[in-house]
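Student: I'm new to this one. Could you walk me through how to read it, feature by feature?

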Amino acid sequence: GPAPHLAEFIVSSENKEYCAIAGHLLYKTNLITYAPGAKNYGAIPEGTCSISKEAFRLIPSPFEKLYIPCSLSEIKPQYVRGGWFYNAEVSPDNVDFKAIDGSIYSSDEKALVRAKISKDGFVVPEGTETICEGALYDVHGDVTIPETVKNIEDAHGFGRNVKRMITPKGSFAEWHVTD
């Protein structure tokens, strides 16, 4: 569970595999564990290229705002109880991701990578073609999926909190949800 007493990770400079940036533990350029008491709370350190599935398991509560640096190019699906962030901000120099209304999308806006925590459901924007695995895990309530969605990666389901999927009649999303 959460370890609020853990302020930061410190790794010997001689260690060739692991390092600590801003108090967080990384394996090469993959963020392994975000230290809940570390400085720069809510910011993934610059130089991080990917986030592991368990990166935020120790945080005591979701981030009000999570900053994604320009170096981040991979976000692995996460199934962390309690949520991840209420709003995301992505560096304008990041070529892989962008934030729209506080959620994380691919830079071309065709893939929903991670929806922000929502207690009132979520409307996937028109033009979205892919819902990435784990993207809706922090959404509570109804999810509306547009006809433009042609790919839904939901190996672990959408999360226990999604009540209903609202899909256009005859759409891929309707077929996927009822299949």
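Predicted model: local features only at pLDDT ≥ 70, side-chain atom pairs only at ≥ 80, totals over all residues.

Student: Which residues is Ser-91 in contact with, leaving aside its neighbours within four places in sequence?

Tutor: Ser-91 is in contact with Tyr-67, Ile-68, Pro-69 and Cys-70, once those neighbours within four places are left aside.

Student: Let's follow Tyr-67, then. Where is Tyr-67 found?

Tutor: Tyr-67 is in strand β5. Its relative accessibility is 29%, so Tyr-67 counts as partly exposed. Leaving aside neighbours within four places in sequence, Tyr-67 is in contact with Gly-42, Ala-43, Ile-44, Glu-89, Val-90 and Ser-91. There's a separation to look at, too: Tyr-67 and Phe-97 are 30 residues apart along the chain, and their C-alpha atoms are separated by 12 Å.

Student: Can we do one more buried residue? Why does Val-113 count as buried?

Tutor: Val-113 is buried because its relative accessible area is 11%, and the cut-off is under 20%. Val-113 sits in strand β10 (residues 111–114). Leaving aside neighbours within four places in sequence, its contacts are Ile-75, Phe-97, Ile-104, Tyr-105, Ser-106, Cys-132 and Ala-135. As for His-24, that residue is 89 residues from Val-113 along the chain, with 23 Å between the C-alpha atoms.

Student: And Cys-49? Where does Cys-49 lie?

Tutor: Cys-49 lies in the loop between β3 and β4. With a relative accessible area of 27%, Cys-49 is partly exposed. Again leaving aside neighbours within four places, Cys-49 is in contact with Thr-29, Ser-71, Leu-72, Ser-73 and Glu-74. Cys-49 and Pro-92 are 43 residues apart in sequence and 16 Å apart in space, C-alpha to C-alpha.

Student: Let's move on to aromatic rings. How do I read a pair?

Tutor: A pair of aromatic rings is described by the distance of the centres and the angle of the planes. Searching the whole structure turns up seven aromatic pairs. In one of them, Tyr-34 and Phe-63 are 5.2 Å apart centre to centre, with 70° between the planes, and the pair is edge-to-face.

Student: Which parts of the chain does that pair link?

Tutor: Distant ones: Tyr-34 is in the loop between β3 (30–33) and β4 (50–51), while Phe-63 is in the loop between β4 and β5 (66–68), 29 residues apart. Both Tyr-34 and Phe-63 are buried. There's also a cluster, in which ring pairs link Tyr-34, Phe-56, Phe-63, Trp-84 and Phe-85.

Student: What about backbone angles?

Tutor: Most residues other than glycine have a negative phi. Now look at Ala-22, which has a positive phi of about 50° although it is not a glycine. Ala-22 is in the loop between β1 (18–21) and β2 (24–27), and at 31% relative accessible area it is partly exposed.

Student: What is phi near in Lys-28?

Tutor: Phi of Lys-28 is near 55°, again a positive value in a residue other than glycine. Lys-28 has its place in the loop between β2 and β3, and its relative accessibility of 46% makes it partly exposed.

Student: Let's zoom out. How many helices and strands does the protein have?

Tutor: The protein has one helix and 15 strands. Its radius of gyration is 17 Å, close to the 16 Å that the globule rule gives for 179 residues, so the protein is as compact as a globular protein of that length. The C-alpha trace spans about 60 × 30 × 25 Å along the principal axes.

Student: And how much of the protein counts as buried?

Tutor: Of the 179 residues, 44% count as buried. The protein exposes about 9,100 Å², with 51% of that supplied by carbon and sulfur atoms. On charge, there are 18 positive and 24 negative ones, and their mean positions are 5 Å apart.

Conventions:
Residues numbered from 1 in each chain as written. Heavy atoms only, no water. Phe/Tyr/Trp six-rings, centres within 6.5 Å; stacked < 30°, edge-to-face > 60°. Helix = DSSP H or I, 4+ residues; strand = E, 2+ residues; numbered from the N terminus. Buried < 20%, exposed > 50% of the residue type's maximum accessible area, 1.4 Å probe, protein only. Rg over C-alpha atoms; globule rule 2.2 N^0.38 Å. Areas by Shrake-Rupley, 256 points an atom, 1.4 Å probe, with all protein chains shown as cover. Lys, Arg positive; Asp, Glu negative; His and termini not counted. Charge placed at Lys NZ, Arg CZ, Asp CG, Glu CD. Contact = heavy atoms within 4.5 Å.
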